Amino acid sequence: MDRMKWKDEFSRRFHRHEDELKWLYCELYGNDMGAFDYFSGMLYRSWSERPEELKEIDRAREAFPEWYKGHTLIGMLMYVNAFAGNLDGVRSNLDYIEDCGVNYLHLMPLLESPEGRSDGGYAVSDFRKVQPQLGTMEDLSRLTAECHKRGISVCLDFVMNHTSEDHEWAKRARAGEKEYQDRYFFYDNWDIPNEFEKTVPQVFPVTAPGNFTWCDEAKKVVMTTFYPYQWDLNYANPVVFNDMTDNMLNLCNNGVDIIRLDAVPYIWKELGTNCRNLKQVHSLVRMMRIVCEIVCPGTLLLGEVVMEPSKVVPYFGTVDKPECHLLYNVTTMASIWHTVATRDVRLLSHQMEQVFVLPKEYTFLNYLRCHDDIGWGLDYDFLHYLGQDEAMHKKFLNDYLTGNWYGSLSKGELYNNDPRLKDARLCGTTASLCGIEAARQMKDTKALETAIRLDVMLHALMFTISGVPVLYSGDEIAQENDYSYHDNPLRCEDSRYLHRGDLNWDNVKKRKGHRTVEGKVFRSIKKLEEIWAKDLAFDSCADTWLLKTSNNHVMGIGRYYKGEKVLAYFNFSDTSQQVWLTDSIGYRDMWTGKMVQNSYVDIEPCGFRWLKAK
Ligand code: GLC
């Protein structure tokens with residue numbers, strides 16, 4: 001390879017990282033310099049093929065690497081088909097997305113994936129081809145280009161842990177080609193798989209038990225951590241890392257700004273371990289970060305690490321050697337729903353304290369709901385201290401949020417209910433979990449008002465936590481559960497489809513109505529967004545701390561940045577609560593614009609207050 005020919009920009013970026021990249025690569029791949037040369041050449045080719053408009057964006061973001069921090073990005077997560085049928089449909093509805101105040105659009109997996117064996121698009125059979133019913137790669141590029149014109153960044157999943165069993169590599173492996181079997185984990189018999197099973201937990205214990213599947217054509221056993229049709233890739237083989245990185249860069253060159261690293265903790269396997277978060281995973285992610293900084297520095301990596309906090313935070317890497325730009329604030333999300341059920345803020349306050357002490361460089365993606373279930377990954381040590389037993393507590397949460405508890409209007413459904421492990425998870429839309437669906441059915445106006453207030457309060461909380469808030473499409477108009485999946489044989493086993501319904505465009509129109517539920521929720525979320533975007537105290541660099549409320553129903557958060565101070569209170573009980581302000585410097589209610597007259601504030605049932613210091 002003639003490095004002299006490399007353009008200045010590429011070589012400047014490459015040389016900045018070369019030592020570290022080579023070191024990490026050689027350490028992982030036994031000094032395979034042939035593979036490293038191929039890898040570097042592939043990076044150069046990807047950079048050369050990168051469209052000039054995207055290189056312009058790279059340059060601007062490289063000059064201002066903090067571009068995604070502060071309080072500017074507001075995201076929305078959606079299925080292309082559920083939102084508008086196909087990619088062109090999304091493009092023609094960008095006005096609505098802008099109306100929602102969103103400038104970061106996460107499109108759920110849209111690459112080719114076999115019908116009925118797709119895990120919602122998470123079993124990719126061709127990383128270079130869009131699902132025909134959604135459009136083409138060109139449609140994707142046209143959409144990302146239009147988004148960029150409007151200042152919207154686009155996020156896409158990079159499903160890197162596995163391929164579909166219909167992927168070309170899998171087909172060739174099944175036909176007996178050793179070179180392709182080496183891209184996966186193939187075993188002649190069950191001896192080693194059985195050894196793995198002793199230490200590796202199960203992801204889908206009910207819908208897809210076990211971590212291996214018999215492949216009859218190859219007469220071998222193949223590793224399938226998720227569904228049997230999702231074959232785990234073997235990243236100990238450098239060809240896999242090279243080709244998958246190439247696939248990722250191809251997405252970036254089609255205009256994807258944010259790469260969601262799907263199921264990233266799982267990408268390295270080793271016998272005798274739980275095959276999660278192994279140190280080699282961090283080497284791979286660090287290399288992917290370097291790759292992006294060389295080829296497409298405008299790109300962000302969003303790690304999907306649905307684990308306890310001590311496992312999540314290392315994926316940020318260090319300040320000198322960063323890994324992911326963004327990570328899901330998953331424990332906070334689960335703790336929020338715990339608090340909805342218990343109306344007791346002690347666990348959530350404790351969780352927030354853990355988040356508040358983290359370095360401000362760490363940027364979390366904050367969310368209430370996404371396409372997946374809610375797993376009860378809570379801080380059980382702390383709950384034990386409050387006298388709670390883990391299994392009983394999970395049962396209570398699931399009972400409450402499925403409406404099987406006195407006073408609960410939640411309408412969730414269980415997910416992967418494994419009676420043996422007593423570890424069911426939970427599905428449902430924000431609105432239905434908050435009680436909007438049940439209150440409407442009961443025509444109970446008062447209950448409906450409280451449910452709407454709860455929905456809005458939870459969104460206010462999401463905006464109060466530092467980071468990037470991401471809405472789940474439909475939540476902006478309080479969309480309810482979709483039960484139609486029960487009658488669909490391809491979906492009925494997977495209750496996550498409960499909250500993956502089509503956007504109801506008739507209800508979208510109702511957002512303009514003053515008295516409609518859609519209008520009330522839509523306008524409130526928009527107002528939250530506007531206040532959040534305007535006030536410096538919501539900057540991700542702000543100091544944040546817990547406010548003492550002496551009330552287990554009310555959580556208080558303080559924020560301060562560059563002279564601007566905000567106090568935020570969230571009442572999780574269904575009765576009014578009062579909290580005393582900690583000082584008397586004078587506060588204005590940011591929602592009503594009115595000055596607070598007393599040294600205490602009242603908070604409506606399931607309501608919140610945002611108070612701005614004078
Ligand atoms: C991630 C996705 C989930 C999918 C899994 C397997 O966890 O969020 O929906 O089932 O990966 O790809």
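This is a predicted model: local features need pLDDT of at least 70, side-chain atom pairs count only at pLDDT 80 or more; totals for chains, interfaces and linings use all residues.
Residues are numbered from 1 along each chain as its sequence is written, and side-chain values use heavy atoms, with hydrogens and water left out.

Let's start with helix H1, residues 8-28; helices here are DSSP runs of H or I with at least four residues, numbered from the N terminus. Its 21 residues reach 29 Å from first C-alpha to last, close to the expected 30 Å (1.5 Å times one less than the number of residues). H1 also bends by about 55 degrees at Glu18, that being the angle between axes fitted to the seven residues ending there and the seven starting there. Just after H1, Gly30 has a positive phi of about 50 degrees.

Now for the ligand. The residues around it, meaning those with a heavy atom within 4 Å, include Tyr122, His162, Phe204 and Arg496. Which side chains make polar contacts (pairs of N or O atoms within 3.5 Å) with ligand oxygen atoms? Asp262 has a polar side-chain atom 2.8 Å from one, and Glu304 also has one at 2.8 Å. For Arg260, the distance from a side-chain N or O atom is 3.1 Å. The protein covers 94% of the 310 Å² of accessible area that the ligand has on its own (Shrake-Rupley method, 1.4 Å probe).

Terms used. Helices (H or I, at least four residues) and strands (E, at least two) are DSSP runs, numbered from the N terminus. A polar contact is a pair of N or O atoms within 3.5 Å; within protein, one must be able to donate a hydrogen and the other to accept it, and residues adjacent in sequence count only if both atoms are side-chain atoms.
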